[in-house]
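I open this notebook to record what I looked up in one chain, entry by entry. Each entry keeps to what can be read from the model.

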Amino acid sequence: MNPTIPLHLFPPAAALLQSQGSSLSLWGFFPQDQEPPYLYINAYFTVTAKYPYRCTQPCCSGYCLLYTENGQGQIVIGTGKEGNSPTALAQQHLFFWPCSQGFSLRSVSSHWNHSFLFLGGREADYFYQLFSRHGRRPWPVPANSRLPALLSGLTRKDASSYCAPLQQIFLTTSLLTQAVAVCQEHAEESFCPEYLLAVRRMLDEEYSLPCSLDLLEKRFQVNKFRIAREFSQYFHQAPISYLNSRRLEAAKNLLITTNDKIHEISQKTGFGSSTLFIRSFKKEFGVTPQVYRKENSRIRL
């Protein structure tokens with residue numbers, strides 16, 4: 001059975017609610033019967049897509065922003081014979097594109113959990129130009145980015161936040177500023193020493209394993225004080241702090257998408273001690289893992 005379509009919902013967002021093979025949560029939208037501000041969120045969804053999820057959107061106004069939490073999908077810009085080659089939407093990657101040519105989405109992995117926003121307003125053009133200046137492609141979101149937390153925060157806003165123009169401008173500006181920062185940071189990495197990129201890849205991929213500056217020094221044959229200094233210079237965060245952020249983001253995903261116990265999540269994300277995990281999580285996000293899981297459970301339409 002299709003979910004009930006809210007009155008005054010952006011038509012393309014209403015069409016998304018009709019797509020099959022997925023569970024969608026509509027967290028908020030700007031009513032179409034109101035005068036829109038110069039920058040706003042037309043509609044915000046979280047999508048739990050299961051293979052073979054597919055969604056096709058004809059040409060429409062505005063822009064879309066998609067962030068993949070886990071799993072993988074693909075997008076084709078354009079519809080029918082005019083469609084371009086598929087673009088992979090990998091885990092913890094962000095993509096921002098105009099809706100003027102239409103597009104189609106499909107899942108590639110068995111599941112594909114992502115946040116999906118329709119954006120509108122004349123200032124959206126400005127942010128898109130900034131975002132695409134370094135290449136029109138998906139960008140990996142670093143562990144220290146505030147973007148995932150901002151998206152998560154949108155799920156806790158009440159309906160009035162999406163209907164009030166000033167709130168809309170604030171929310172959308174904060175979100176798109178972080179999106180632009182993601183691609184600009186990666187553009188700056190063209191000047192980054194190769195060994196530092198390798199260090200960060202290791203921290204991203206092996207966050208569940210024990211790590212220290214001494215271990216990094218031994219593995220990369222670079223003085224640990226140099227690693228700490230240059231990593232902070234290029235990535236604006238100390239290596240171990242970056243690793244801790246990466247572990248906490250992975251833990252957030254596990255809290256929402258699995259029924260793993262707290263001690264199991266602490267082991268899987270490299271904390272080892274449940275006490276250390278709970279203390280670190282509360283310090284970073286202001287709530288315990290248990291409370292975060294309860295507040296962010298997926299509500300299916």
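What is the mean pLDDT of the chain, and what percentage of its residues reach 70 or more? I find a mean pLDDT of 89, with 94% of the residues at 70 or more, where pLDDT is the predictor's confidence in each residue, from 0 to 100.

**Entry 1: ground rules.** The model is predicted, so I keep in mind that local features need pLDDT of at least 70 and side-chain atom pairs count only at pLDDT 80 or more, while totals for chains, interfaces and linings use all residues. Residues are numbered from 1 along each chain as its sequence is written, and side-chain values use heavy atoms, with hydrogens and water left out.

**Entry 2: confidence by element.** I use helices (H or I, at least four residues) and strands (E, at least two) as DSSP runs, numbered from the N terminus.

**Entry 3: backbone exceptions.** Most residues other than glycine have a negative phi, and most peptide bonds are trans. I noted a cis peptide bond between Y51 and P52, with omega about 10°, and P52 sits in the loop that links β2 (40–50) to β3 (54–57). H8, which is not a glycine, has a positive phi near 70° and belongs to the segment before α1 (11–17). Q221 is likewise not a glycine and has a positive phi of about 55°, in the loop between α7 (213–220) and α8 (224–235).

For exposure I take buried as under 20% relative accessible area, exposed as over 50% and partly exposed as in between (1.4 Å probe, protein chains only). H8 counts as partly exposed because its relative accessibility is 33%, and Q221 counts as exposed because its relative accessible area is 67%.

**Entry 4: strand pairing.** Two strands pair if DSSP finds at least two bridges between them. β4 (residues 63–77) and β6 (residues 93–98) pair in the antiparallel sense over 5 bridges, and Y63 has P98 in β6 as its bridge partner. β6 is also joined to β8 (residues 139–140) by 2 bridges, again antiparallel, and here H93 is partnered by P140 in β8.

**Entry 5: the largest pocket.** Which residues lie nearest the centre of the largest pocket? They are H93, P140, V141, D204 and Y242, out of 20 lining residues. A pocket, on a 1 Å grid over the protein atoms alone, is an open set of points where a 1.4 Å probe fits, with protein on both sides within 12 Å along at least five of seven lines, and lining residues have an atom within 4 Å of a point. I read a volume of about 410 Å³, the volume being the space filled by probe spheres set on the points. α6 (194–205) and α9 (239–257) each supply at least two lining residues, and α6 gives the largest share, 5 residues.

**Entry 6: the largest nonpolar core.** Such a core is a set of buried Ala, Val, Leu, Ile, Met, Phe, Trp, Tyr and Cys residues joined through side-chain atoms within 4.5 Å. The largest has 30 residues, and F96, L117 and L154 have the most contacts inside it. α5 gives the most to this core, with 7 residues.

**Entry 7: a glycine in β4.** G71 lies in strand β4 and counts as buried because its relative accessibility is 14%.
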